[in-house]
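Biologist: I'm new to this one. Can you walk me through it?

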Amino acid sequence: MANVISDETIEYVGILSKLKLDDAQKEQAKKDLEEMLDYIDQLGELDTDGVEPMSHVHPVSNRFREDVVTNGDEREKILKNAPEERDGAFVVPRTFD
Amino acid sequence: MELKQLSALELGKKIAAGEVKVKEAVDAAFAVSDAKEADIHSYITVDKEGAYAAAEKVQQAIDRGELKSPLAGVPVAIKDNMCTEGLLTTCASKILCNFVPTYTATAVEKLEAAGAVILGKTNMDEFAMGSTTETSAYGVTRNPRNTAHVPGGSSGGSAAAVAAEECWYALGSDTGGSIRQPAGYCGVVGIKPTYGTVSRYGLVAYGSSLDQIGPLAKDVSDAAAVLEAISGYDDKDSTSIDRKDTNFTAALKDDVKGVRIGIPRDYFGEGLDSEVAAAVRKAADELKAAGAVVEEFDLALVKYAIPTYYTIADAEASSNLERFDGIKYGYRTEDYTDLHDMYKKTRSEGFGPEVQRRIMLGSFVLSSGYYDAYYLKALKVKALIKQAFDDAFKKYDVILGPVAPTTAPRLGESLSDPMKMYLGDIYTISANLAGIPGVSVPCGKDAGGLPIGMQLFGDCFKEDVIIRTAYTYEKIRGEF
């Protein structure tokens, strides 16, 4: 069974992935996705009814701790990595008018 | 013998005895790098200033009797996906071209506490996605054993740095074989420990449920000593395990009598190079002659490991890499119209093709309508694969096989066909899915002189038996 990725689907994947794809990249991405999905479809040969999905190999569950700050104020150090900063804050493009 | 030829533990002994100064070791490492980096390119960043400053501090602490670790004063190279405070950390990606972490990864901190001197940050596949170190945004690394070939990946820079004697050992990370496979290609020892053994805090995440940090070293003893130094529970990694049995050097025993070794028949099927098969079988025969009980068996589900892995790893990657948005750190595109345009252009310009490919597949398999059919299905198959290993470890202490189907490919031959590159992970990735430890040990060379690696798996928390088996094999094999 061969997978076919439609224009709409690749558009949607681009949105989910937050990637800007030109037409050539979209065509390549469709081809790559189709090939990988055809390959992944092999998993359909296995009967997994009643199998519990395994996200973690060890039997551990959520670990809770007190919500206590253990590090100091690192604002200046952190902002040094910002592409743009002003008045101790990250600068982002205007998000609404 | 020259300093650069010593093992990490041998150098550590000489430093502890006062026969060698830490600065002399750093000098020796940089002398090699100065001569070889133009050719090999193991490093993205060489930190001479930091290394010499650390060497002085470590030397003083040793002289005061405060540093007793067998690794005190021994210089190390760190894969460039582990955060190092004040030192550029790029993940071999343009998107982190200017990222200087404000903290240090726990595994690296532990090495520093043991007196390690960091020489620099090693090259890798971008975000650890690749098997050849060719997806790096900062140029390829060449295999020191034959520079026409790749060093493997994704920890290719770390493996090459050890093999080229540019450092005495290195840290790598392993999500699907990224320590073991380059170790095999470069003829060094690599260990991926049981999931949760080494803290992932400060390791830039790729597939969080699969990622583990581990050593690349000149021999099994060094690898065990390094693993011992970096292991341990960490509050900052909620998936780290509080295990007490991390005295891995205690397992360095020349004795495999009665060790039950199983060889999966499917690991010697189609696609395996005949020279690799012969070398690995010879190593198994030698272990048998030394008293191990060796037999073949059928490990179930081998062919399903790769599709399961790429579904899960890419799903996790698509989520983990959402944080790279051009706002808090890293690269930001120059021209944009609004916030979303900025996100998209930043990421398309900042990530290379392989990373984008994996983000897209991951986003797709997690999207509504496909989540059950792909992601959930893969998690169920993961459970079956784990069960297959549980069953195997009822009969065997060690599972033995090749590290990779071939020796290191030539440069430039792998990226044109991603699917073919993925298939090369067949023997390594199941260890990450099952969370079990694996060690890669050199066991021969092909006709062209390229190293061949043997891989040993143990059950979860059973590093001791694979370290013991690898150590015994190394004694039989002799100098590599």
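**A first look around**

Modeller: Let's start in chain B, where B:Glu286 is found in helix α8, residues 274-289. Helices here are DSSP runs of H or I with at least four residues, strands are E runs of at least two, and both are numbered from the N terminus. This is a predicted model: local features need pLDDT of at least 70, side-chain atom pairs count only at pLDDT 80 or more, and totals for chains, interfaces and linings use all residues. Residues are numbered from 1 along each chain as its sequence is written, while chains are lettered from A and ligands numbered from 1 in the order in which they are written.

Biologist: Why does B:Glu286 count as partly exposed?

Modeller: Because B:Glu286 has 17 C-beta neighbours inside 10 Å. Buried takes 20 or more other C-beta atoms within 10 Å of a residue's own, exposed takes 12 or fewer, and partly exposed is in between; C-beta atoms are placed from the backbone.

Biologist: Which residues is B:Glu286 in contact with, leaving aside its neighbours within four places in sequence?

Modeller: B:Tyr473 and B:Ile476. Contact means that the C-beta atoms, placed from the backbone, lie within 7 Å. B:Ser319 is 33 residues along the chain from B:Glu286, and their C-alpha atoms are separated by 45 Å.

Biologist: Now chain A. What elements does it have?

Modeller: Chain A has 3 helices and 2 strands. They run α-α-α-β-β from the N terminus on.

Biologist: And what is its radius of gyration?

Modeller: Chain A has 23 Å, whereas a compact globule of 97 residues would have a value near 13 Å. The radius is taken over C-alpha atoms, and the globule rule is 2.2 Å times the number of residues to the power 0.38. Those atoms fill a box of roughly 55 × 45 × 25 Å along the principal axes. Buried residues make up 15% of the 97 in chain A.

Biologist: Which residues of helix α1 of chain A are buried?

Modeller: In α1(A), residues 7-17, they are A:Ile10, A:Val13, A:Gly14 and A:Ser17. Down the helix axis they fall within an arc of 100°, so they line one face of α1(A). That arc is of the directions from the helix axis to the C-beta atoms. The face turned away carries the exposed A:Glu8 and A:Glu11. Just after α1(A), A:Lys18 takes a positive phi of about 50°.

Biologist: What do the buried residues of α1(A) pack against?

Modeller: Against α2 (23-40) of chain A, together with α9 and α11 of chain B.

Biologist: How do α9(B) and α11(B) cross?

Modeller: Their axes come within 7 Å and cross at roughly 100°. Axes are lines fitted to C-alpha atoms, for helices over the stretch in contact, with angles from 0 to 180 degrees between N-to-C directions. The two helices are therefore roughly perpendicular, a label for 65 to 115 degrees. Among the residues making the contact are B:Thr311 of α9(B) and B:Arg358 of α11(B).

Biologist: How many residues does each chain put into the contact between A and B?

Modeller: 51 from chain B and 38 from chain A. On the chain B side, the largest share, 11 residues, comes from α12(B).

Technical notes:
Two residues are in contact if their C-beta atoms, placed from the backbone, lie within 7 Å. Angles under 35 degrees count as roughly parallel, over 145 as roughly antiparallel, 65 to 115 as roughly perpendicular and the rest as oblique.
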